[in-house]
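Trainee: Could you walk me through this chain before I try to describe it on my own?
Mentor: Gladly, let us look together and take one topic at a time.

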Amino acid sequence: MYCRKVLLLCICHIRQMQKAMDALDMEEFSRLVFEMVCLIPRGRATSYGAIAHAIGYPARSRMVGWVLAGCGGKGIPAHRVVNSQGVLSGREAFETPAMMQELLVSEGVVVENNRIRNWREIRWDPVVELGFD
């Protein structure tokens, strides 16, 4: 797990240094999103924007959502990614709209009215937690 984090850290720093990109490589972008999402600990959650920022594409949070919406059945814990306010905005991408909440609750996350109740405590910031800053 530690080697995977170090490798991802290196890849993300390289991405952040690339100021200009002619075309976004969607396959690479998706891979980075999936790798980062797999690092979110059980019982924690993060935002689309935090993922985008950590992988070196800070203006691509919506694209993170699109990638995660299409990852069903790949073993990616997409239920741990919500909007910046802790709202389960991606719930419609799951088998049932309630599934995202059910998965979070099964990990000990309290959800009320489609929003993580103690968002500030639950929020996992990959830049801080993985030492990207």
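Mentor: What follows is a short talk through the fold, the core, the side-chain pairs and the cysteines.

Trainee: Okay, what sort of model is this?
Mentor: This is a predicted model, in which local features need pLDDT of at least 70 and side-chain atom pairs count only at pLDDT 80 or more, while totals for chains, interfaces and linings use all residues. Residues are numbered from 1 along each chain as its sequence is written, and side-chain values use heavy atoms, with hydrogens and water left out.

Trainee: How many helices and strands does the chain have?
Mentor: There are seven helices and four strands, where helices (H or I, at least four residues) and strands (E, at least two) are DSSP runs numbered from the N terminus. Going along the sequence, their order is α-α-β-α-α-β-α-β-β-α-α.

Trainee: And how much of the chain is buried?
Mentor: Of its 133 residues, 42% count as buried; that word means under 20% relative accessible area, with exposed meaning over 50% and partly exposed in between, for a 1.4 Å probe and protein chains only.

Trainee: Which residues have the most contacts inside the largest nonpolar core?
Mentor: That core has 37 residues, and those with the most contacts inside it are F29, V33, M36, V37, V64, L68 and I116. Several elements give two or more residues to this core, among them α2 (26–37), α3 (48–54) and α4 (61–69), and α2 gives the most, with six residues. By a nonpolar core we mean a set of buried Ala, Val, Leu, Ile, Met, Phe, Trp, Tyr and Cys residues joined through side-chain atoms within 4.5 Å.

Trainee: What is L68 in contact with?
Mentor: If we leave aside neighbours within four places in sequence, L68 is in contact with V33, F34, V37, Y48, I76, A78 and V81, where contact means heavy atoms within 4.5 Å.

Trainee: New topic: which residues form the aromatic pair?
Mentor: The structure holds one such pair, and F29 and Y57 form it edge-to-face, with 5.1 Å from centre to centre and 75 degrees between the planes. F29 sits in helix α2 and Y57 in the loop between α3 and α4, so the pair links distant parts of the chain, 28 residues apart. Both partners are buried, F29 with a relative accessible area of 0% and Y57 with 6%.

Trainee: When do two rings pair, and what counts as edge-to-face?
Mentor: Rings of Phe, Tyr and Trp (its six-membered ring) pair if their centres lie within 6.5 Å, and planes under 30 degrees apart count as stacked, over 60 as edge-to-face and the rest as tilted.

Trainee: How many salt bridges does the structure hold?
Mentor: It holds seven, a salt bridge being a side-chain nitrogen of Lys or Arg within 4 Å of a carboxyl oxygen of Asp or Glu. One of them joins the side chains of R44 and E129, at 3.4 Å from N to O. R44 lies in the loop between α2 and β1 (46–47) and E129 in helix α7 (residues 126–129), so this pair ties together parts that are 85 residues apart in sequence.

Trainee: Where does R80 lie, and what does R80 touch?
Mentor: R80 is in the loop between α4 and β2 and counts as buried, at 7% relative accessibility. Not counting residues up to four places away in sequence, R80 touches I40, P41, R42, R44, A45, T46, L104 and E107. P77 is found in the loop between α4 and β2 as well, and P77 is in contact with V37 and C38, leaving aside neighbours within four places in sequence.

Trainee: Last one: how many disulfides are there?
Mentor: There are zero disulfides, a disulfide being a pair of cysteine sulfur atoms within 2.5 Å. For C38, the nearest cysteine sulfur is that of C71, 8.7 Å away. C38 counts as partly exposed at 26% relative accessibility, whereas C71 counts as buried at 4%.
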